[in-house]
Amino acid sequence: MARLGAFALLAIASALAQDADMVRIPAGDFEMGRSHALPDDGLKWVPHILRDDRPVHTVTLSGFDMDVHEVTNRQYAEFVAASGGEVRVPHYWPDGQPPDARADDPVANVTWDEAAAYCRWHQKRLPTEAEWERACRGGLESAEYPWGDEEVDETKAHYDSVKGPKAVCGYPENGFGLCDMAGNVWEWVADLYEKDYYSQSPAKNPTGPADGRYRMLRGGSWADVPKFLTCAQRSYARPEERSPNIGFRCARNAD
């Protein structure tokens, strides 16, 4: 009991200390979903291409705070240490500690439940899919990427690589002051996955379907080509999935 109490106190202190690492995303409306065309859209011999990022629909969100960058190995190591052995160490950490050269890389190989637990430890939570997309757009409505419609290149994001993730915030921030919303690692979000959810999603503060086998992923990764890095791109995985290109960041209610 005493150890768990200390763990809780560390969580509160850590949450207060890390307020500077979050930015406020203001309440308001935005257009959620993919408005740009894909090459396959006009091909009559592909009648059932995946359309889970359509239709475009107006979503109203309350204000919330979002981590400036993906949770790093350094940050996750504090969580692991404070847990007293309750949290599994990522397998790529030698001797149970992240390599110094990788300390500021985003943590990966964590499950959805582990990501959610880390956020709770910091008095935060995983963002909803709608919150993530609004944050990614940085105020640029209908743009393909966090920086606009300009094509991806090595000055904008870390992608299409075989070398793994890079240290966070190595590329320009978007309009809300967020780093790496495209590329580096896929990010777990709170919602369950349903292919047709956009056609029935609530207009205000949607939180995803009530049931489902998979959890949503957003943002693309170091291993992906540009079409997976757009703000509207949806992906998903089993919540127990561990992958070298899946990480996360946290959010928090504005109040």
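**View 1. Two disulfides are counted in the protein, a disulfide being a pair of cysteine sulfur atoms within 2.5 Å.** The model is predicted, so local features need pLDDT of at least 70 and side-chain atom pairs count only at pLDDT 80 or more, whereas totals for chains, interfaces and linings use all residues. Residues are numbered from 1 along each chain as its sequence is written, and side-chain values use heavy atoms, with hydrogens and water left out. When the bonded cysteines are numbered in sequence order, their pairing reads 1-4, 2-3.

**View 2. C119 and C250 are joined by a disulfide whose sulfur atoms lie 2.3 Å apart.** This bond links distant parts of the chain, 131 residues apart: C119 belongs to helix α3 (residues 112-121), and C250 to the loop between β8 (246-248) and β9 (251-253). Helices (H or I, at least four residues) and strands (E, at least two) are DSSP runs, numbered from the N terminus. The torsion about the S-S bond of C119 and C250 is about -85°, so this disulfide is left-handed. C119 is buried, its relative accessible area being 0%, and C250 is buried with a value of 0%. Buried means under 20% relative accessible area, exposed over 50%, and partly exposed in between (1.4 Å probe, protein chains only).

**View 3. A disulfide with an S to S distance of 2.2 Å connects C169 and C179.** C169 and C179 each lie in the loop between α4 (129-137) and β5 (186-192), so the bond ties together parts that are 10 residues apart in sequence. About the S-S bond of C169 and C179 the torsion is about 100°, so the disulfide is right-handed. C169 is partly exposed, with a relative accessible area of 34%, whereas C179 is buried at 1%.

**View 4. Further cysteines in the protein are C136 and C231, shown here for their burial.** C136 counts as buried because its relative accessibility is 0%. C231 is likewise buried, with a relative accessible area of 0%.

**View 5. An open antiparallel sheet is formed by three strands in the order β1-β4-β9.** The edges are held by β1 (22-25) and β9, each with a single partner strand, so one side of each is left without a neighbour in the sheet. From one strand to the next, the twist averages 25°. Helix α4 packs on this sheet and touches β1, β4 and β9, its direction making about 70° with that of β4. Contact means heavy atoms within 4.5 Å; axes are lines fitted to C-alpha atoms, for helices over the stretch in contact, and angles run from 0 to 180 degrees between N-to-C directions. β1 and strand β4 (residues 64-67) run antiparallel and are joined by four bridges. R24 has D65 in β4 as its bridge partner. Two strands pair if DSSP finds at least two bridges between them.

**View 6. Four strands make an open sheet of mixed pairing in the order β7-β6-β5-β8.** Its edge strands, β7 (235-237) and β8, each pair on one side only. Neighbouring strands are turned by 50° against each other on average, direction ignored. Helix α3 packs on the sheet, where α3 touches β5, β6 and β8 and its direction makes about 90° with that of β5. β5 and strand β6 (residues 215-218) run antiparallel, with three bridges between them. The bridge partner of L192 in β6 is R215.

**View 7. Helix α2 (residues 73-82) packs against α3 at an angle of about 85°, the two axes being 11 Å apart.** The helices α2 and α3 are therefore roughly perpendicular to each other; angles under 35 degrees count as roughly parallel, over 145 as roughly antiparallel, 65 to 115 as roughly perpendicular and the rest as oblique. From α2, the residues Q75, Y76, E78, F79 and A82 meet E114, A117, Y118 and W121 of α3.

**View 8. The protein as a whole holds four helices and nine strands.** Read from the N terminus, the elements follow the order α-β-β-β-β-α-α-α-β-β-β-β-β. Of the 255 residues, 53% are buried. Among contacts with a separation of 6 or more, 76% are between residues 24 or more positions apart. The accessible surface comes to about 11900 Å², and 53% of that area belongs to carbon and sulfur atoms. Accessible areas come from the Shrake-Rupley method with a 1.4 Å probe; for residues, only the protein chains shown count as cover.
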